[in-house]
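Subject: Structure handover and notes

Hello,

Here is the structure I said I would pass on. Please open it first; my notes follow below.

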Amino acid sequence: MAETDARPEEPGSGEQQPLEADRLRGLLLAPGYLKTLTVSALIGVPVSLVAFWFLVGLHALEHLLWADLPHDLGWDTPPWWWPLPLLLVAGAVVGLVAARLPGGGGQVPASGLHAGGASSATLPGVVIAATASLPLGAVLGPEAPLIALGGGLALLVRDLTRGPATPATTVLLGAAGAAAAIAAIFGNPLVAAVLLMEVAGAGGPRLFAVMLPALLSSGVGALVFTGFGRWTGLETGSLALRMPTPFPALDIGDVLWTIPLALAVAALLHPLLRAARRVAAFVAAGPVARTALCALAAAACAALYALLTDRSPAEVALSGQATLGQLAADPHAWGVGALVAVLLLKGTAYALCLGSLRGGLVFPALFLGAAAGVLLAPLPGFGLVPALAAGMAAATAAACRSAASSSSSSCSAAPR
């Protein structure tokens, strides 16, 4: 009797694995996906309006505390001690929110940017913690609270309209809301989608399925946000930079110098981010008292900077968004000593705030990279504009651990 071939069948030989195109087609043609796209477009309108007023409120409160109030008290710039009481209040409020409210006021920024985990229950804590942190001097940006706010609002709209609360709709609508909110601060729906793509953790066909509602929502939201901002004339802050000189042509020296500049920026930020994670672990053991202590230490960095340089402590405190515009517009107003001091002291305050307060890690990283670029721009054959752009891109890549996000964020802050 002839022997039969008893070899085991190769895995997948009897049934072919579905191709990625087939899986993507299945996702896009799934029942309810087109409805989700429609809801995502509609969600972009209320989310962008809430994000607009949220940013207007933060900007107005920051201007009141750091410009109007010192001026009314007789100072041209805030005195050296100004950050101490403000950041002490910020630390106390954020510590109480982290200990008492659902969600702890949002993610700890030392852990990086994350798109998931938003819910309507966490919205009060996110708003309170961000309002206490950002205008009062935290060395953080608004992008992480905006992601949490947008995702939570989108899910709140779904719950109010009694939409289907499935895991798929939670992911898709959360991503759409987050993209619509983050497009508000970067001023570009594509930048928002790329940033969200990096933090969403999805890949393959699933990533494409998530990005469609995110792009749709962020595009609608960006239109509403831009139109509403021009109609009201209110300021929300901008990353657009104005350079005092025309753009020079790039040459080989500019390209070659970007390599050591990127290494220098990475060498500056890597220990800061590692220290921020240690600060976060320290604060987790006693959030109320230790958050206030770390915030006060960050304020001391700003006060020390003002004492050493006779410049405003706001250059170390706050996100660096306004100071970045000043640096780009008049880089020669900053001496070498001031640039070194702001890199060291703002970097230290950045690490302390990343581990204790609430906000995003992109904006301060952009400023630190720009300051490093201006400091190294006098190198032979290196231009100011290429050094500024390369420093911002390298710093954002080091902070976000993502080349795509760094390119998008730096383009949104590119000199005009």
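Is Cys294 buried or exposed? Cys294 counts as buried, at 7% relative accessibility. Here buried means under 20% relative accessible area, exposed means over 50%, and partly exposed is what lies in between (1.4 Å probe, protein chains only).

Before the rest, a note on conventions. This is a predicted model, in which local features need pLDDT of at least 70 and side-chain atom pairs count only at pLDDT 80 or more, while totals for chains, interfaces and linings use all residues. Residues are numbered from 1 along each chain as its sequence is written, and side-chain values use heavy atoms, with hydrogens and water left out.

Overall picture

The protein has 15 helices and zero strands. Both are DSSP runs numbered from the N terminus: helices are H or I with at least four residues, strands are E with at least two. Of its 416 residues, 49% count as buried. The protein exposes about 18,700 Å², and carbon and sulfur atoms supply 67% of that area; accessible areas come from the Shrake-Rupley method with a 1.4 Å probe, and for residues only the protein chains shown count as cover. Take the contacts (heavy atoms within 4.5 Å) between residues at least 6 apart in sequence: 80% of them join residues at least 24 apart.

Cysteines

A disulfide is taken as a pair of cysteine sulfur atoms within 2.5 Å. By this rule the count is zero disulfides. Cys294 is in no disulfide, and the nearest cysteine sulfur, that of Cys353, is 8.9 Å away. Cys301 is in no disulfide either; for Cys301 the nearest cysteine sulfur is that of Cys353, at 8.6 Å. Cys301 counts as buried, with 10% relative accessibility.

Helix H3

Helix H3 covers residues 83-100, which is 18 residues. From its first C-alpha to its last, H3 reaches 25 Å, close to the 26 Å expected at 1.5 Å a residue; the expected span is 1.5 Å times one less than the number of residues. The buried residues in H3 include Pro83, Leu86, Leu87, Ala90 and Val94. Seen down the axis of H3, the buried residues fall within an arc of 165°, so they line one face of the helix. That arc is taken from the directions from the helix axis to the C-beta atoms.

Asp254 is found in helix H9 (residues 252-284) and counts as buried at 5% relative accessibility. The side chain of Asp254 reaches the backbone nitrogen of Gly383 at 2.9 Å. Leaving aside neighbours within four places in sequence, Asp254 is in contact with Ala249, Gly381, Phe382, Gly383 and Pro386.

Ala41 lies in helix H2 (residues 33-72). The C-alpha atoms of Ala41 and Ala214 are separated by 8.8 Å, although the two are 173 residues apart along the chain. Not counting residues up to four places away in sequence, Ala41 touches Leu216 and Val220.

The loop between H10 and H11

Most residues other than glycine have a negative phi. Asp310 has a positive phi, near 60°, and is found in the loop between helix H10 (287-309) and helix H11 (321-329). Leu318 also has a positive phi, near 70°, and lies in the loop between H10 and H11. Asp310 is exposed, with a relative accessible area of 71%, whereas Leu318 counts as buried at 7% relative accessibility.

Regards

Methods. Polar contact = N/O pair within 3.5 Å; in protein donor to acceptor, adjacent residues only side chain to side chain.
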